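Colleague: I'm new to this one, so please walk me through it. I'll ask as I go.

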Amino acid sequence: MNPTGRRTFLRLIAGAALSGGILDSLSRKTGSQQLGSASTQTLDGLKLGLISDLNGSYGSTSYSRAVERGVALLLRQQPDLVLCAGDMVAGQKRSLTNSLLKAMWAGLEQTVRAPLQQAGIPLLPAIGNHDGSSQKDQGGWIYGRERQQAGLFWHENRGDLQSGFIQSERFPFQYVWRRPGLFLVVIDASSANVDSSQRRWIEAALNCTDRQPDDLCLVMGHLPLTAFSEGRARSGECIANPQELAGLMRRGGVDLVISGHHHAWYPSESLGLRLLSLGAMGSGPRRIIGSSVTSPPSLTLLEWSRPSKLIRETTIDLNTMQPMDSDDLPAQVSVSGFPVARRRSLQWQSGSLND
Ligand SMILES: [Fe+2]
């Protein structure tokens, strides 16, 4: 069987293995016309699963039921790719031994990455503070061993990503990945410090000659450009000096900036950019600032139609398995010392924000 045939076969098997209830329910609830799925090999569209913040408590090697439900949903929905905005394991504690760090990554492999890969769905990571924080002290990494183990795991498991790499020297921390119709820049926002060297790299990546004019351009990093949730509106929880970074992303024609860490779903516009704060797939749900409601565990499906350039986002509550309604979110998030974020539509056209 050739690779394409095998991929399609595996997807059919994965789809058949799960009940049709969720997919049918989602289609009815959203009136959603499936833009992607296996037919995206024709390049008429693309379907992405967007997940973030899977980890449990420090040192945990297992995952919550919400994460398991999310993986099952992804297998059922059969996106072309799954992007993870970080915090896949439960590190950021210096007392964790190398063997426990390896066991945590093995847990991710068993529960999340391998099932997706076996269904022909690549998982593309961004590194979070619990995976391998870029925090430094006196010029050295505070969590150097964690960064080393994260690097080892992803280098051992980069096989199904190989064909898409445009730049991979600093994979999995910073890299550029492309498939027809999608140009992805992954940044190391595993701490608030996205330094000048990385900013120059991001600017060059966005202007890379491999990028095609009609590619959907996504930037993904763990910490966001502004504050979304209660308890995260403070130094160290958002990228420092976001205005300059946002400026180079605007000039670079970025369609969407995807982040995690704030454990609350909020699709917004801020700093002249379209942002998407992902809810946590795992534990630690938080309230959006100005809201009385805690953001449940969730994942987001993003469907892109190439002919119309139309993007549609659907975010699924992993407790109820129902789509979430953005009308329930505050119209804006405004907190002193951080750029204002205004709630935006879940349907939009690529390239449209600054036209
Ligand atoms: Fe985080």
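**A metal site, a sheet and a few residues**

Colleague: How far from the iron ion do its protein donors lie?

Modeller: The protein donors are Asp87 (OD), Asn129 (OD1), His222 (NE2) and His261 (ND1). Keep in mind that this is a predicted model, where local features need pLDDT of at least 70, side-chain atom pairs count only at pLDDT 80 or more, and totals for chains, interfaces and linings use all residues. Residues are numbered from 1 along each chain as its sequence is written, and side-chain values use heavy atoms, with hydrogens and water left out. Donors are N, O and S atoms within 2.8 Å of the metal (3.2 Å for Na, K and Ca), and sites may look incomplete because water is not among the atoms; here the distances from the iron ion are 2.1 to 2.2 Å.

Colleague: What arrangement do the four donor atoms make around the iron ion?

Modeller: Four donors are called tetrahedral if all angles lie between 85 and 135 degrees; four are square planar and six octahedral if opposite donors are over 155 degrees apart and all others between 65 and 115; anything else is irregular. Around this iron ion the angles run from 86 to 168 degrees, which makes the arrangement irregular.

Colleague: How many residues apart in sequence are the parts tied together by Asp87 and His261?

Modeller: The donor spacing along the chain is D-x41-N-x92-H-x38-H. Helices (H or I, at least four residues) and strands (E, at least two) are DSSP runs, numbered from the N terminus. Asp87 sits in the loop between strand S2 (81-84) and helix H4 (98-118), and His261 in the loop between strand S10 (256-259) and strand S11 (266-270), so the parts they tie together are separated in sequence by 174 residues.

Colleague: Is His261 buried or exposed?

Modeller: Buried means under 20% relative accessible area, exposed over 50%, and partly exposed in between (1.4 Å probe, protein chains only). Asp87 has 1% and is buried. His261 has 4%, so it also counts as buried.

Colleague: Which residue in S10 stands opposite Val219?

Modeller: Strand S9 (residues 216-220) runs parallel to S10, and three bridges join them. Leu218 has Leu256 as its bridge partner in S10. Opposite Val219 stands Val257.

Colleague: How far apart are the C-alpha atoms of Met88 and Asn129?

Modeller: Met88 lies in the loop between S2 and H4 and is buried, at 0% relative accessible area. Not counting residues up to four places away in sequence, Met88 touches residues including Tyr63, Trp105 and Trp154. Met88 and Asn129 are 41 residues apart along the chain, and their C-alpha atoms are separated by 9.6 Å.

Definitions and conventions: Pairing = 2+ DSSP bridges. Contact = heavy atoms within 4.5 Å.
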